[in-house]
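Okay, thanks for coming, everyone. Let me put the model up on the screen, and then I'll walk you through a sheet and some helices.

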Amino acid sequence: ACKIIIDTDPGQDDAVAILLALASPDEIEVLGITAVAGNVPLALTARNARIVCELAGRTDVPVYAGCDRPLGRPLVTAEHVHGKTGLNGPVLPDPTMPLQQDHAVDFIIQTLRSEDSGAVTLCPLGPLTNIAMAFEKAPDIVGRVAEIVLMGGAYFEVGNITPAAEFNIYVDPQAADIVLKSGAEITVMPLDVTHKALVTRARNDAFRALGTRVGTAVADMTDFFERFDKEKYGTAGAPLHDPCVTAYLIRPDLFTGRHVNVEIETRSELTMGMTVADWWRVTDRAPNAMFMGDLDADGFFDLLTERLGRL
Ligand code: BDR
Ligand code: CA
């Protein structure tokens, strides 16, 4: 199984991404979950990560709290999408499992140093603050990362928090810039892919039809999260952004993309956090990321529903 650290700001879609990973032990071993401020403040994301582990019956997975704000900007949150708690929709009990004492950044550093070089994949599902901090604090770990598979950015679909930027990158563009320039192997799931992972009514019904606690919770989460995109954009349902990352680890064949140069705008207020992806290779800037562009949505939902049924 591929050893991973999930760095996350749950978020209903983050929650589904975590559940998919925990439901897939043959392919994925979750070494730990690190929380970051993003959709909601850190205290809530660290809490929500534990709620999700408990929902999956996996209180053995250590959860760490990380950075409570972006490297150089005030925190921007997304309660307008995810609700006040970040996990609105299902009624789930308060977590009883403890939060680990160590800082998430130290856990990331220690894990990359103690595991074999090239053994650990990082899966960032929120702003890249924790990952960038770890790389700045311990540059020796960058070369030990197997791969970074992250949700963030956009190319044709441009922005969902400003006209030019996707939320995760916009919240901490400096961190994203550090990660994209780090030299690590990177796979990006931008809005171009995640806007194809839409929870239609039939797909939501399939979660509910599992008849399990997890199935019901995921249906309630996507019902809640769906209201926003449907009302605002008139789409068929909620886009499951973050589960694209964990699905990729299980079924990379569901995705296609291009290895291109991706740079982050960190100065212009107008286009702050824009992922400038050289999709048509019009520059000679060296490719630094596999930028995904398409997804087999039916294959994705078949996989997700089948795996959630295992929990
Ligand atoms: C990203 O922003 C968050 O609201 C979601 O959890 C996802 O990670 C989509 O832009
Ligand atoms: Ca997220």
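This is a predicted model: local features need pLDDT of at least 70, side-chain atom pairs count only at pLDDT 80 or more; totals for chains, interfaces and linings use all residues.

Helices (H or I, at least four residues) and strands (E, at least two) are DSSP runs, numbered from the N terminus.

Residues are numbered from 1 along each chain as its sequence is written, and chains are lettered from A and ligands numbered from 1 in the order in which they are written.

Let's start with helix H11, residues 243–250. How many of its eight residues are buried? Seven, so H11 is mostly covered. The buried ones are Pro243, Cys244, Val245, Thr246, Ala247, Tyr248 and Leu249.

What does H11 meet in H1? Asp13, Val16, Ala17, Leu20 and Ala21, where contact is C-beta atoms, placed from the backbone, within 7 Å. On the H11 side, the residues involved are Pro243, Val245, Thr246 and Ala247. The axes of H1 (residues 12–22) and H11 come within 7 Å and cross at roughly 20°; axes here are lines fitted to C-alpha atoms, for helices over the stretch in contact, and angles run from 0 to 180 degrees between N-to-C directions.

Helix H4, residues 104–114, lies across E1, E2, E3, E4 and E5, at about 150° to E2.

Now the sheet. Eight strands form an open, mixed sheet in the order E3-E2-E1-E4-E5-E6-E12-E9, where two strands pair if DSSP finds at least two bridges between them. E3 (63–65) and E9 (255–260) are at the edges with a single partner strand each, so one side of each has no neighbour in the sheet. From one strand to the next, the twist averages 25°.

Zoom in on E5, residues 145–151: five of its seven residues are buried, so the rest of the structure largely encloses this strand. E5 pairs with E4 (residues 120–124) in the parallel sense over three bridges, and Val120 has Val145 as its bridge partner. E5 also runs parallel to E6 (residues 186–189), joined by four bridges; Met151 partners Met189 there, and Leu150 partners Val188.

Finally, E6 is covered on both faces: Ile186 and Val188 on one side, Thr187 and Met189 on the other, all buried. E6 pairs with E12 (residues 289–295) in the parallel sense over two bridges, with Met290 as the partner of Thr187.

Methods:
A residue is buried if 20 or more other C-beta atoms lie within 10 Å of its own, exposed if 12 or fewer, and partly exposed in between; C-beta atoms are placed from the backbone. Two residues are in contact if their C-beta atoms, placed from the backbone, lie within 7 Å.
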